[in-house]
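Here is a short report for a reader new to this structure. Have the sequence and the model at hand as you read.

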Amino acid sequence: MLAKAPKGTSDILPSRIDYWYYLENIIKEVLQNYGYQEIRTPAFEYTELFVRGIGATTDIVNKEMFTFQDRKGRSLTLRPEGTAPVVRAYIEHNLKRENPLVKLFYLGSMFRCEKPQAGRYRQFNQFGLEAIGSPLPIIDAEIISASLAIYQKIGLTDLSLMLNSVGCRECRPKYLAVLREYFLDKRDSLCPDCLLRYEKNPLRILDCKKEQCQKIVKKCPSIFDYLCEDCATHFLKLRQYLDTLGIVYQINPLLVRGLDYYTKTAFEIISGELGAQNAVGGGGRYDYLVEELGGNYTPAVGFAAGMERIIETMIKQSIKIPVWEGIKVFVATTDASYFVTALEIVNQIREKGIAAEIDFLGKSLKAQMRLANKLKASYVLILGQEEWQEKKVTIKDMVNSSQEKILITEILAYLQSLFLKKESGKS
Ligand code: ATP
Ligand code: MG
């Protein structure tokens, strides 16, 4: 148990880290291009924030939260998602003072106590974006377009955008009544979870993945027959903007998002590459959340994506990513008495921004050369007795095995000209 990570968690090892750097950089680059600024909120919040902000009838609040007490007995919860914390920060710091439309993005770990399986972990990473302050469907279109731009920049293919409207305070209650009516005589065939959902929030039945429920759900009345004029117009305009942007989508009237606070637009991006857990991200409008958390009525829309699932898709699609180029220069010595000089040399090289390494294990010269080879160093600087007396080092080109002696004082200029030559040779 000591040398084992807790269930549902995993280490991101150096062999995979380049994928994360790549993804994180693209997210920042694309979202800044769209005018979103990063916000970082704490890893835990008061439990009440999530109960109010996500909704008491959701799976997250009902069974997936990591909740604990601090020493004074206050209930805290590791964040299971990013929107409620961002909205909490928006209210707490009165961010709307600076701008009536606040555009934010975040990156970070989320925690949900779910049954671990492919694509579903207990600690996982999400990025998300939120636009707080506008009721207009044009901002919904922008959120969708910005999200897709990230996937596009990564180079992912085989993604589909699913789109729906879940109505508002005005029309959703009517649809819920219709759903209750529809499910009334079919309750015996629903799973136990859905029986509870029937009582609390029948919309959530549409989200059930169990086959017995899916069969019944397939034939249920469509929300589009019950949307109020405002919601119907909103949806129509959004479609028009998406068409303008050349964004292809599928309308799915059964798509409901996992969170209670969604209104109007709901959408999901799914990957043809993943199995059961195929959503690489989802989002929608949440016009009542700011109010629910104690602010003034402020319409908003956002998106969140699971980064592990994106990376899995990248690997399945063999997306080429830039990898760390590794060590460029290895400084080898024939004896520990040259360590002081070697340390100075390696330090100066590193200060010039050239990745350099040295032996820390007191290995023989032969073993150091093997190590330099393994590290794929382009050059090895050898400091032996002869060199030491001449105030020089032998510089060995590891590619063509040529070598020459140069003065220690000239190492930096020499290396810089070598790497400059290599750089210009590349292009
Ligand atoms: P799902 O139906 O796949 O459980 P969800 O509705 O719970 O998704 P959201 O709360 O919308 O998911 O989170 C947005 C994204 O975060 C998901 O589309 C998915 O990519 C990712 N995600 C959610 N839960 C997990 C998890 N336990 N492990 C890994 N990624 C997750
Ligand atoms: Mg879930």
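## Glu308 in its helix

Glu308 sits in helix H11. The model is predicted. Is Glu308 buried or exposed? Its relative accessibility is 15%, so Glu308 counts as buried; the cut-off for buried is under 20%.

Which residues does Glu308 touch, beyond its neighbours within four places in sequence? The contacts are Trp20, Tyr121, Phe124 and Asn125. Arg120 is 188 residues away from Glu308 in sequence. In space, the two C-alpha atoms are 9.0 Å apart.

## The second largest pocket

The space in the second largest pocket comes to about 390 Å³. Its lining holds seven nonpolar, seven polar and four charged residues.

## The sheet

Strand S6 also belongs to a sheet. Eight strands form this open sheet, in the order S1-S5-S6-S11-S10-S9-S7-S8. The pairing is mixed. In general, strands of a sheet pair through backbone hydrogen bonds, either parallel or antiparallel.

Which strands stand at the edges? They are S1 (37-38) and S8 (250-251). Each has a single partner strand, so one side of each is left without a neighbour in the sheet. S1 runs parallel to strand S5 (residues 102-111), and two bridges join them. Glu38 has Phe105 in S5 as its bridge partner.

## Helices on the sheet

Helix H5 (residues 137-154) packs on the sheet. H5 touches S5, S6, S7 (159-165), S9 (263-271), S10 (279-285) and S11 (300-306). The directions of H5 and S11 make an angle of about 20°.

Helix H9 (residues 229-244) lies across S7, S8, S9 and S10. H9 runs at about 155° to S7.

## Arg197, a buried charged residue

Arg197 belongs to helix H7 (residues 192-200). Its relative accessible area is 13%, so Arg197 counts as buried. Arg is classed as charged.

What does Arg197 touch, not counting residues up to four places away in sequence? The list is Asp59, Pro202, Arg204, Ile205 and Cys208.

Methods
Residues are numbered from 1 along each chain as its sequence is written. Chains are lettered from A and ligands numbered from 1 in the order in which they are written. This is a predicted model: local features need pLDDT of at least 70, side-chain atom pairs count only at pLDDT 80 or more; totals for chains, interfaces and linings use all residues. Side-chain values use heavy atoms; hydrogens and water are left out. On a 1 Å grid over the protein atoms alone, a cavity is a set of points where a 1.4 Å probe fits but cannot get out, and a pocket is an open set with protein on both sides within 12 Å along at least five of seven lines; lining residues have an atom within 4 Å of a point. Grid points are joined across faces, edges and corners, and a volume is the space filled by probe spheres set on the points. Two strands pair if DSSP finds at least two bridges between them. Helices (H or I, at least four residues) and strands (E, at least two) are DSSP runs, numbered from the N terminus. Contact means heavy atoms within 4.5 Å. Axes are lines fitted to C-alpha atoms, for helices over the stretch in contact, and angles run from 0 to 180 degrees between N-to-C directions. Buried means under 20% relative accessible area, exposed over 50%, partly exposed in between (1.4 Å probe, protein chains only).
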